[in-house]
Amino acid sequence: MTAILEIRDVDKHFDISGSFIDQLRISHGKLNRKKTVVKAVNNITLDVQAGETLAVVGESGCGKSTLARTVMRLYRPNKGEILYKGERIDNLSSAKMRPYRTRMQMVFQDPYASLNPRMTVRQILEEPVRFHNPGLSRAEVHDKVAEVMTQVGVDPAWATNYPHEFSGGQRQRISIARALVVDPEFIAADEPIAALDVSIQAQILNLLMDAQEERGLTYLFISHDLSVVEHISNRVAVMYLGCVCELATAKELFSNPKHPYTQALLSAIPKLGGEAGNHIRLSGDVPTPINLPTGCVFHGRCPHADERCMREIPMQRTLDNGTIVACHGVEEGRI
Amino acid sequence: MRSRWQRFKDSYMLHSFLNDRVALTCFIILAVLMFSAFAAPIIAPHDPYNSSTIDIMDAQAPPSWSHDGDSEFLLGTDAQGRDMLSTMLYGMRVSIIIGIGAVCLQAFLGIVVGLLSGYVKRLDNVLMRIADVQLSFSTYMVAIFIGAIVQTAFGVAGYEKVAVPLIIVIIGLAEWPQYARTVRASVLAERKKEYVEAARVIGLSKTRIMWRHILPNTLSPVLVISTVQVANAIMSEAALSFLGLGMPVTKPSLGSLITAGFEYIFSGSWWITIFPGILLVTLILVINLLGDWVRDFLNPKLYKG
Ligand SMILES: Nc1ncnc2c1ncn2[C@@H]1O[C@H](COP(=O)(O)OP(=O)(O)OP(=O)(O)O)[C@@H](O)[C@H]1O
Ligand code: SF4
Ligand SMILES: [Mg+2]
């Protein structure tokens, strides 16, 4: 297996301090300029292997969407490199990026906001095809769109309708079709089923899995639903406050979680026949990504935290079973 | 698979329009007014622009139904002996052309500025400050300034020729910030939506996303203010004419007709001012009522107070 996407030491910080005037603060009788920075993604290193589904899980606000958007070059990383099949793409101009736009696509969370309400389904789906293949004839574009619509399970006869005439599940199918029309190799799916009815979720998930099988797609699948992740993914990366704390195969992660945060996360899933009372309760709240804790970002809530954890940022280490963990406790063998 | 026309016929918009008596009545009145204004050269009984057909001896003839009225002049004549009805129709045409022209210019400037400042962060501050400065000058100041320059440059006779485009430019320049602000606010709301990100992931250029994806989604508020702005522009023109900065009496708009008649109102020739006044008020009223309907329709959440 080769890595299709490599994320190397990527940081993404947002400056939310506003205009110059808003940045001025008076403290200790002096006027100084203070910037407020949201550290949404910090030092993330990840590989996505060709053909796999790598899931990224973590609670709300931990930077999952920011990571996906940075990979898709909707944001430029502040630091680090992103490589697609060995080529750096994080510093390309939009024109140089264009060929990659057909190879990497994205599916969004909200099927109500991700389709332009003023365009018919046909216009929405034809636009990417025309844009990337200006040489195609009208009929060829038409056929391509009809083929993909059939694949995602939307009758091509509905192509002249506007998005608001469809249900949430159908819209998400159209949204997936828009990603598929350019024949990508890699799709970043940002919580593609989170906004849907439970009854529809399974259908969309199956659609994604069928498309993967037919087209040999690679997924970066973002979710906070652990049961979905267990079902769909080959490997799982667990994020907390913009950092990856554990990266393992789905089987290892669910049977043998290493990182204290992963353990707490998994203990929260209700299990059939599991003994009651083994739920690990975390104390405290998630700190804001504006004032990141020193050392391990999890130390304020970790039952195993010690003095070193508050001081030193844990490095990622690969264990014997292939799991990658960033934790002093695991490294020292005390967890 | 329905055609556009069928879609329109079945649409909620048409349904709601046909069931709103006020909107429907206003629309019919407006349609009649617009038609008679633009068909004035055909339907008007006299040609007020052709001085050879005007006889000063007919001046200040009262409306035909009063006891010394002349049946040739239905609504009487003005101080120069022009048929009031014909002059009003021609005048309304001038007013409407100026109103629509000025709004087109405002909308064009405002949409371009609003799009740019909403979508290109670097330009936002500069453009919005320019808009603030522009808003802080009143229309009349701009008009007095430009009007004075042009009148001295072209002379009174030349001014007559350039008056219509000039007033369009004045009112257009004075009020574009309304559009710029409205468009900017909706661009800021739209650009955060995921369909814009999807368009960027496809690789479309900024310009294309701005014009083809964001702009169509900001047009409903533009439509809402446009109707009101047309009425406002017609009013502004009338006010400018009243101050002597608008259309000359030889090529009058409704505003300059009112002004011209104002001098005679105390000598008993009330019709010279009152008829164009009623027509102007009716025109403004129906446009505003239609604008209200458009606003309520496009923004049903708004409380109808
Ligand atoms: N454009 C932005 N500007 C400023 N801050 C942002 C921006 N986008 C995200 N953030 C902040 O970065 C942090 C991570 O956000 P992100 O959307 O990546 O979280 P998430 O893991 O996707 O959460 P969720 O599960 O709720 O979608 C949050 O604190 C958020 O407020
Ligand atoms: S590094 Fe320390 S604080 Fe962080 S998870 Fe490991 S034991 Fe807990
Ligand atoms: Mg998210």
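Biologist: What percentage of the 305 residues of chain B count as buried?

Modeller: Buried means under 20% relative accessible area, exposed over 50%, and partly exposed in between, with a 1.4 Å probe and protein chains only. In chain B, 48% of the 305 residues count as buried. This is a predicted model, in which local features need pLDDT of at least 70, side-chain atom pairs count only at pLDDT 80 or more, and totals for chains, interfaces and linings use all residues. Residues are numbered from 1 along each chain as its sequence is written, chains are lettered from A and ligands numbered from 1 in the order in which they are written, and side-chain values use heavy atoms, with hydrogens and water left out.

Biologist: Where in chain B is confidence lowest, and where is it highest?

Modeller: pLDDT is the predictor's confidence in each residue, from 0 to 100. Where pLDDT is low, the predicted coordinates should not be read in detail. Chain B has a mean pLDDT of 83, and 95% of its residues reach 70 or more. Confidence in chain B is lowest in helix α1 (residues 4-10), at a mean of 74, and highest in helix α8 (residues 194-202), at 95. For the complex, the predictor gives an ipTM of 0.90 and a pTM of 0.84.

Biologist: How many helices and strands does chain B have?

Modeller: Helices (H or I, at least four residues) and strands (E, at least two) are DSSP runs, numbered from the N terminus. Chain B has 12 helices and zero strands. Its C-alpha trace spans about 75 × 50 × 35 Å along the principal axes.

Biologist: Which residues are closest to ligand 2?

Modeller: A residue is near a molecule if one of its heavy atoms lies within 4 Å of it. Ligand 2 is surrounded by 13 residues, and the closest are A:Cys296, A:Cys302, A:Cys309, A:Cys327 and A:His328. Ala, Val, Leu, Ile, Met, Phe, Trp, Tyr, Cys and Pro count as nonpolar, Asp, Glu, Lys and Arg as charged, and the others, Gly among them, as polar. By that division, the shell around ligand 2 holds eight nonpolar residues, five polar and no charged.

Biologist: What is the phi of A:Asp9, and what is that of A:Lys85?

Modeller: Most residues other than glycine have a negative phi. A:Asp9 has a positive phi, near 55°, and is found in strand β1 (residues 3-15) of chain A. A:Lys85 also has a positive value, near 50°, and lies in the loop between β6 (79-84) and β7 (87-88) of chain A.

Biologist: Why does A:Lys85 count as partly exposed?

Modeller: Because its relative accessibility is 42%. A:Asp9 counts as partly exposed at 38%.
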